[in-house]
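These are my notebook entries on one protein model, written down in the order in which I looked things up.

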Amino acid sequence: MEPFTIHRARVPSALLYDSPHSGRFYPPDFESNASRPELRCGEDAYVDQLLANAPSLGAHLLVANYPRCYIDVNRGEDDIDAALLAEPWPTALQPTEKSARGLGLIRRFVVPGVEAQARPLTVAAVRGRIERVYRPYHAALDALVKETYDAHGVVWHIDWHSMKSVGNAMTPDGPGARRPDFVVSNAREASASNDVTDILVRYLRGSGYSVTVNDPYLGGVIVRRTGSPPRGIHSVQVEINRALYLDEQRVETTSSAAQLGTNIDGLTRLLVASLPSR
Ligand SMILES: [Zn+2]
């Protein structure tokens with residue numbers, strides 16, 4: 001399985017989408033004692049399908065094929081919990097608070113207390129995931145950003161995710177926290193200007209959704225690495241509340257998914273229409 005799929009825009013604009021956590025190909029070398037439904041609760045399930053019309057509306061769409069339980073492309077390469085490893089890592093690791101919550105580069109827990117990996121991993125196994133999945137995904141995103149920037153002189157990149165409707169012990173807002181319909185993040189303007197971010201926020205609120213900005217999510221590795229507002233490269237992270245489109249226990253889309261998709265299409269049209277002309 002290729003690490004990603006690119007759905008190219010029919011008529012490309014400076015708008016670029018990616019869905020790094022909706023992958024659902026569990027490769028044979030991924031061994032877990034968790035059930036498939038438990039594992040799938042870690043996916044931003046079917047976010048790629050919510051964005052399916054974006055290429056026909058002018059946005060390239062990059063989609064990860066491997067699940068984040070296998071390797072999380074929205075983490076630093078060295079954000080590894082040493083407790084996952086069967087042997088010492090040969091260089092210094094930089095585990096962040098994501099690893100501490102079980103959500104580092106390699107996921108430790110599917111949900112609190114449920115281990116994702118069946119056994120400790122060798123260095124070679126983790127490096128294999130980095131080289132076959134993580135780096136190709138980032139290279140593909142970088143190439144799309146460069147292609148778009150060269151063609152248009154500006155890039156508006158939206159990094160699409162979905163979040164559990166209620167937080168748990170592994171989320172930054174803790175167990176029982178109710179989530180708004182959307183969390184829009186720009187790393188406090190480090191990854192995108194507030195002007196660009198506000199276009200999304202105003203559209204979503206105008207569509208009747210509750211929206212918070214940079215709370216409880218600030219924006220992950222992908223938007224921080226991609227965005228460069230002084231150069232005109234704006235990278236915004238969007239988290240969709242899964243209750244808007246998903247049966248979270250069964251990991252199946254609900255009848256509400258079509259309406260949400262229609263509203264996202266409206267946002268895509270608005271963003272394309274709002275892009276600065278060169
Ligand atoms: Zn995500």
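**Entry 1: what packs against H5**

I looked up what the buried residues of H5 pack against, and found strand S1 (4–7), strand S2 (15–19), strand S3 (60–64), strand S4 (155–163), helix H7 (221–226) and strand S7 (233–241). Contact here means that the C-beta atoms of two residues, placed from the backbone, lie within 7 Å. Helices (H or I, at least four residues) and strands (E, at least two) are DSSP runs, numbered from the N terminus. I noted that this is a predicted model, in which local features need pLDDT of at least 70 and side-chain atom pairs count only at pLDDT 80 or more, while totals for chains, interfaces and linings use all residues. Residues are numbered from 1 along each chain as its sequence is written.

The buried residues of H5 are Val126, Arg129, Val133, Tyr134, Tyr137, Leu141, Leu144, Val145 and Thr148. A residue is called buried if 20 or more other C-beta atoms lie within 10 Å of its own, exposed if 12 or fewer, and partly exposed in between, with C-beta atoms placed from the backbone.

**Entry 2: the course of H5**

H5 covers residues 123–152, which makes 30 residues, and its first and last C-alpha atoms are 41 Å apart, close to the expected 44 Å; the expected span is 1.5 Å times one less than the number of residues. Where does H5 bend? I found a bend of about 35° at Ile130, taken as the angle between axes fitted to the seven residues ending there and the seven starting there. Just after H5 comes Gly153, with a positive phi of about 75°.

**Entry 3: Val145 in H5**

I then picked out Val145, which sits in H5. Val145 counts as buried because it has 22 C-beta neighbours inside 10 Å. Neighbours within four places in sequence aside, Val145 is in contact with Leu16, Val155, His157, Thr226 and Ile233.

**Entry 4: the core**

Which residues touch the most other members of the largest nonpolar core? That core has 65 residues, and the ones I wanted are Tyr17, Leu51, Ala59, Ile71, Val236 and Val238. A nonpolar core is a set of buried Ala, Val, Leu, Ile, Met, Phe, Trp, Tyr and Cys residues joined through C-beta atoms within 7 Å. H5 supplies the largest share of this core, 7 residues. For Val238, I listed Ile158, Trp160, His161, Phe182, Val184 and Leu200 as the residues it touches, not counting those up to four places away in sequence. As background, I wrote down that nonpolar side chains tend to be buried together in soluble globular proteins.

Helix H8, residues 257–274, has 18 residues and reaches 25 Å from its first C-alpha to its last, close to the expected 26 Å. Its buried residues are Leu260, Ile264, Thr268 and Leu271. They lie on the same side of H8 because they cover an arc of only 90° around the axis, the arc being that of the directions from the helix axis to the C-beta atoms. The face turned away from this buried side carries the exposed residues Ala258, Gln259, Thr262 and Ala273. On the buried side, H8 packs against S2, helix H2 (47–50), helix H3 (54–57), S4 and helix H6 (194–206).

**Entry 5: backbone details in loops**

I looked next at the loop between strand S6 (211–213) and H7, where Pro216 lies. A cis peptide bond joins Asp215 and Pro216, with omega about 5°. Asn214 lies in this loop between S6 and H7 too, and its phi is near 60°, a positive value in a residue other than glycine. Asn214 is partly exposed, with 16 other C-beta atoms within 10 Å. Ala187, in the loop between strand S5 (182–185) and H6, also has a positive phi, near 50°.

**Entry 6: the whole chain**

Lastly I turned to the protein chain, which has 8 helices and 9 strands. Its radius of gyration is 18 Å, close to the 19 Å that the globule rule gives for 278 residues, so the chain is as compact as a globular protein of that length. The radius is taken over C-alpha atoms, and the rule is 2.2 Å times the number of residues to the power 0.38. Of the 278 residues, 41% count as buried.
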